[in-house]
Amino acid sequence: MDRRTEWQARVDAVWADAALNNAEVIDRIDELAADWPEDDALSLFQTAGARDSAGLEAQAAPRYEKALALGLPESERAQATIQLASTLRNLGRADEAIALLRAELAERPAGEYAGAATAFLALALADTGNAQEATQLAVLALVPHLPRYQRSVAAYARALTAP
């Protein structure tokens, strides 16, 4: 097992430990992040997530932004984008969250995290008073999971924002 894989397994173990409180998660993730240079994108992503999970969004946002600017592997990049958007939404910056998520979905409409991006986009849209589009996105995301009525439900959802 290479050093990064072993490190990630240790990070995953922290996240999986339900006995840890928020402060303990932050402390442990920070200890693990100290194994890497300060400008390591993956460790920044993890320290951002620890703070975000603890409700410390103002501390998380700059870490997410720096991790994204430094470059992350695709899966973590998508997660960091979604988590940053959620953080921005919680900080009252829903318009910025919407822009991030729209860009993510435009670039990767069928990406691994497209459903999650859509869900967070719907929440951000609702925060800005755009309940019609938020509802449309949420309902369209459900369509593939319906045993029947897919065509009807999709048409009704699209009609929500039709002129």
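In this predicted model, Tyr 64 has a relative accessibility of 0% and therefore counts as buried, the limit for that class being under 20%. The ring of Tyr 64 forms an aromatic pair with that of Phe 45. Because Phe 45 belongs to helix H3 and Tyr 64 to helix H4 (residues 57-70), the pair ties together parts of the chain that are 19 residues apart in sequence. Phe 45 is likewise assigned to the buried class, since its relative accessible area is 5%.

A pair of aromatic rings is described by the distance of the centres and the angle of the planes. The model contains two aromatic pairs. In the pair formed by Trp 7 and Trp 36, the ring centres lie 5.9 Å apart and the planes stand at 85°; the pair is therefore edge-to-face, a class that requires an angle over 60 degrees. Trp 7 is part of helix H1 (residues 3-16), whereas Trp 36 is found in the loop between helix H2 (22-33) and helix H3 (41-53). These two residues are 29 positions apart, and their pairing links distant parts of the chain. Trp 7 and Trp 36 are both buried.

Charged side chains also approach aromatic rings in the model. The charged end of Arg 4 is placed over the ring of Trp 7, at 5.1 Å from the ring centre. A further case involves Arg 148, which lies over the face of Tyr 149 at a distance of 5.4 Å from the centre of the ring.

Helix H1, which carries Trp 7, consists of 14 residues. From its first C-alpha to its last, H1 reaches 20 Å, close to the 20 Å expected at 1.5 Å a residue. Its buried residues are Trp 7, Val 11 and Val 14. Because they cover an arc of only 55° around the axis, these residues lie on the same side of H1. An α-helix has 3.6 residues a turn, so residues three or four places apart point the same way. The elements that cover the buried residues of H1 include H2 and H3.

Side chains of opposite charge can pair when their charged atoms come close. The structure holds 11 salt bridges. In one of them, the side chains of Arg 89 and Asp 127 meet with an N to O distance of 2.7 Å. Arg 89 is located in helix H5 (residues 74-90) and Asp 127 in helix H7 (residues 114-127), and the pair links distant parts of the chain, 38 residues apart. Asp 127 is classed as partly exposed because its relative accessibility is 44%.

A salt bridge is also formed between Glu 133 and Arg 102, whose closest N and O atoms are 3.0 Å apart. Glu 133 lies in helix H8 (residues 131-142) and Arg 102 in helix H6 (residues 94-107), so this pair ties together parts that are 31 residues apart in sequence. Glu 133 counts as buried at 16% relative accessibility, whereas Arg 102 is partly exposed at 35%.

In the salt bridge between Arg 108 and Glu 107, the closest N and O atoms are 2.9 Å apart. Arg 108 is partly exposed, with a relative accessible area of 25%, while Glu 107 is exposed at 55%. Arg 108 and Glu 107 also belong to a network of salt bridges that links them with Glu 74, Arg 77 and Glu 104.

Conventions: Residues are numbered from 1 along each chain as its sequence is written. This is a predicted model: local features need pLDDT of at least 70, side-chain atom pairs count only at pLDDT 80 or more; totals for chains, interfaces and linings use all residues. Side-chain values use heavy atoms; hydrogens and water are left out. Rings of Phe, Tyr and Trp (its six-membered ring) pair if their centres lie within 6.5 Å; planes under 30 degrees apart count as stacked, over 60 as edge-to-face and the rest as tilted. Helices (H or I, at least four residues) and strands (E, at least two) are DSSP runs, numbered from the N terminus. Buried means under 20% relative accessible area, exposed over 50%, partly exposed in between (1.4 Å probe, protein chains only). A charge sits over a ring if NZ of Lys or CZ of Arg is within 6 Å of the ring centre and within 35 degrees of the ring normal. The expected span of a helix is 1.5 Å times one less than its number of residues. The arc is that of the directions from the helix axis to the C-beta atoms. Contact means heavy atoms within 4.5 Å. A salt bridge is a side-chain nitrogen of Lys or Arg within 4 Å of a carboxyl oxygen of Asp or Glu.
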